[in-house]
Amino acid sequence: MAMVSLQTETSRAAHAAGPGGDTKNPLAGMTVLTAEGQEPAQKGIQITEKALKRIRVAMAKEGVSPEQGGLRVGIQGGGCSGLSYNIRFDSQPRERDRVYSFGAGIETVGDPTNGAPIRVFVDPKSFIYLHGMVLDFEETLMRQGFNFINPNSTKSCGCGSSFTA
C-alpha cells in the first residue's frame, strides 16, 4: 500500500521579509502532501490538500482517469517576467517525465474518486525550474486558482503566472 506523508509546512519554505524585518512563511498553516516514495526534504514537487481536492474534481469533470492520466505541470518562455507556468490534463506521462503520485487513501470533501491517487507529470526541462515547488489552490474574493509557491522564482509579476528564475 502506498504511503503519503502529511505535514504542516512551518520551517522549510522560502521566507519573504515583511515590514519591520519579520519573516513570513508562504506555506504557514497549509497541509502539504509529499509524493509517494519521496522524503519531505527532497527536492521534488509537492501539493497542498486544497490543490488535491481541486485537481480531483477537475479531472472528474474533464473525464480524465486517475489511473492513466494526470495533471501536467510545466513552464514555457513568455509572460511578463520571462517564464510562465502552464498546467493541463494529459492522458498519460511521456517517456522522460517525472511522475509524482499524491493522495492515495486520502479522501477530500466532494471527492468523486473516493480517495484515488492523482498523478502530476513534469517534463525534464520544466523540472529544472519547478523542483521544490508547492502547488496550492486558493479561493478568495479577489482570486480563485492554482498558486505556484516556487523557491526558484527570483521575481514574479502581479498575475501570479509569470516568473523569473
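Is Arg-143 buried, partly exposed or exposed, and what is its relative accessible area? In this predicted model, Arg-143 is partly exposed, with a relative accessible area of 27%, a value that falls in the partly exposed class because buried means under 20% and exposed means over 50%.

**Helix H1**

- Helix H1 comprises the 14 residues 49-62, which at 1.5 Å a residue should span 20 Å, and the distance of 20 Å between its end C-alpha atoms agrees with that expectation.
- The buried residues of H1 are Ala-51, Leu-52, Ile-55, Arg-56 and Met-59; they lie on the same side of the helix, because the arc they cover around the axis is only 135 degrees.
- Such an arrangement can be read against the α-helical repeat: with 3.6 residues a turn, residues three or four places apart point the same way.
- After H1 comes Gly-63, which has a positive phi near 75 degrees.

- Strand S9, residues 118-122, is mostly covered, with five of its five residues buried.
- Strand S6, residues 70-77, runs parallel to S9 and is joined to it by two bridges, and Arg-72 stands opposite Phe-121 of S9.
- Strand S8, residues 98-102, pairs with S9 in the antiparallel sense over five bridges, with Arg-119 in S9 as the bridge partner of Ser-101.

**Salt bridges**

- The count of salt bridges in the model comes to six.
- One of them joins the side chains of Arg-56 and Asp-111, at 3.0 Å from N to O; Arg-56 lies in helix H1 and Asp-111 in the loop between S8 and S9, so the pair ties together parts that are 55 residues apart in sequence.
- Arg-56 and Asp-111 are both buried.
- Another salt bridge brings together the side chains of Arg-72 and Asp-90, at 2.7 Å from N to O, and this pair links distant parts of the chain, with Arg-72 in strand S6 and Asp-90 in strand S7 (residues 83-90), 18 residues apart.
- Arg-72 and Asp-90 are likewise buried.
- Arg-143 forms a salt bridge with Glu-138, in which the closest N and O atoms are 3.0 Å apart, and Glu-138 is partly exposed, with a relative accessible area of 22%.
- Through shared partners, salt bridges join Arg-72, Arg-88, Asp-90 and Asp-97 into one network.

Notes. Residues numbered from 1 in each chain as written. Predicted model: local features only at pLDDT ≥ 70, side-chain atom pairs only at ≥ 80, totals over all residues. Heavy atoms only, no water. Helix = DSSP H or I, 4+ residues; strand = E, 2+ residues; numbered from the N terminus. Expected span 1.5 Å × (residues − 1). Buried < 20%, exposed > 50% of the residue type's maximum accessible area, 1.4 Å probe, protein only. Arc of directions from axis to C-beta. Pairing = 2+ DSSP bridges. Salt bridge = Lys/Arg side-chain N within 4 Å of Asp/Glu carboxyl O.
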